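Here is a short briefing to read alongside the model. Take a moment to look it over, then follow the topics below.

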Amino acid sequence: MIQWLAFLLFSLLAVISALGVVILPNPVYVILSLLSSLIAIAGIFFVAGAELVGAIQLLIYAVAVTVFYVFVLTAVPWEKALKKDSHYRVEGALSFPLLLLMYFEILVVFSLGVSASPKGQIRELSKKFGNTEVIGSILFSKYFLVFELVSLVLLIGMIGAVIIGRKEAQTYDSDTP
Amino acid sequence: MTVIPLKAYIILSVIIFGLGLFGMIVRRNLVTVLMSMELALNAVNIALIGADAHLGLADGQIFALFIIALAAVEAAVGLGIIVAIFRLRRVESTDEIMDMRG
């Protein structure tokens with residue numbers, strides 16, 4: 001019961017904040033709304049019993065990535081975005097029925113019935129050792145190669161971000177139409 | 001752990017994913033387009049974690065960890081590209097990027 005209450009609270013907060021991310025015109029408000037949505041999603045992870053992922057969501061997303069967005073928003077002048085229209089109205093009006101169609105399709109799929117049988121291979125182990133230990137043991141045995149590949153991708157992304165973001169000698173203002 | 005059914009997680013995931021997709025389409029500013037993309041990635045994470053809690057496995061949480069790491073890389077590279085575009089062209093809106101020369 002208390003789990004249902006927490007789940008409904010967090011999901012309501014997440015959906016309202018996601019609406020704010022889509023609707024609000026000011027980019028600073030959009031960042032705050034995204035932060036609220038990420039914290040609510042971390043709460044949903046805690047409700048689902050995934051403590052490690054929830055903590056990492058709070059640490060990496062809600063702290064690091066959001067602060068990074070704020071930094072970039074100070075580099076790009078967001079006041080200019082307020083003078084213009086912040087949304088594509090015509091494209092939004094055209095693609096909104098497709099969004100409703102996607103939701104309707106999910107409703108149809110659920111009414112047809114989707115089921116997944118709980119195998120529960122890890123459940124006893126998870127009760128015995130706790131969630132984080134189980135994740136660590138599986139991550140470093142079954143998915144060890146993938147873990148190394150992710151570290152390689154992080155390294156390549158870091159090098160790429162440094163190379164892309166370095167200061168160029170000249171700008172190309174003159175030949176833009 | 002299995003009080004909340006799988007359907008609740010997946011419905012929430014689909015709602016937030018749709019909102020993120022819609023935001024990617026209708027937003028004009030480049031930074032807000034990337035923020036809508038983060039929202040869609042988080043919706044996928046909700047589906048993975050919910051399936052994990054339902055099935056009693058731990059693989060979905062590991063996939064969610066990988067998605068979080070790759071989303072951090074994507075934010076770094078994407079925001080670097082946005083800052084580079086702004087520095088070179090003085091534009092920060094998706095309809096002002098006229099050409100890819102340079």
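Predicted model: local features only at pLDDT ≥ 70, side-chain atom pairs only at ≥ 80, totals over all residues.

- On the chain A side, helix 5 brings Glu91(A), Gly92(A), Ser95(A), Leu99(A), Met102(A), Tyr103(A), Ile106(A) and Phe110(A) to the contact.
- Facing them in helix 1 of chain B are Lys7(B), Val14(B), Gly18(B), Phe22(B), Ile25(B) and Val26(B).
- Sorted by class, this contact of helix 5 of chain A with helix 1 of chain B holds nine nonpolar, three polar and two charged residues.

**The wider contact between the chains**

- Looking beyond that pair, 79 residues of chain A are in contact with 65 residues of chain B.
- On the side of chain B that touches chain A, at least two residues come from each of helix 1, helix 2 (30–55) and helix 3 (59–89).
- Which helix of chain B gives the most to that side? It is helix 3 of chain B, with 24 residues.
- By class, the side of chain B that touches chain A has 42 nonpolar, 13 polar and ten charged residues.

**Chain B on its own**

- Chain B has three helices and zero strands, and its pattern along the sequence reads α-α-α.
- Chain B is more spread out than a compact globule, because its radius of gyration is 17 Å, well over the 13 Å that the globule rule gives for 102 residues.
- The C-alpha trace of chain B spans about 55 × 25 × 15 Å along its principal axes.
- Of the 102 residues in chain B, 52% count as buried.
- Taking contacts in chain B between residues at least 6 apart in sequence, 53% join residues at least 24 apart.

**Chain A on its own**

- Chain A is built with eight helices and zero strands, giving the pattern α-α-α-α-α-α-α-α along the sequence.
- What share of the 177 residues in chain A is buried? Buried residues make up 25% of them.
- For contacts in chain A between residues at least 6 apart in sequence, 55% join residues at least 24 apart.

Key
Residues numbered from 1 in each chain as written. Chains lettered and ligands numbered in written order. Contact = placed C-beta atoms within 7 Å. Helix = DSSP H or I, 4+ residues; strand = E, 2+ residues; numbered from the N terminus. Nonpolar A, V, L, I, M, F, W, Y, C, P; charged D, E, K, R; others polar. Rg over C-alpha atoms; globule rule 2.2 N^0.38 Å. Buried ≥ 20, exposed ≤ 12 C-beta atoms within 10 Å, placed from the backbone.
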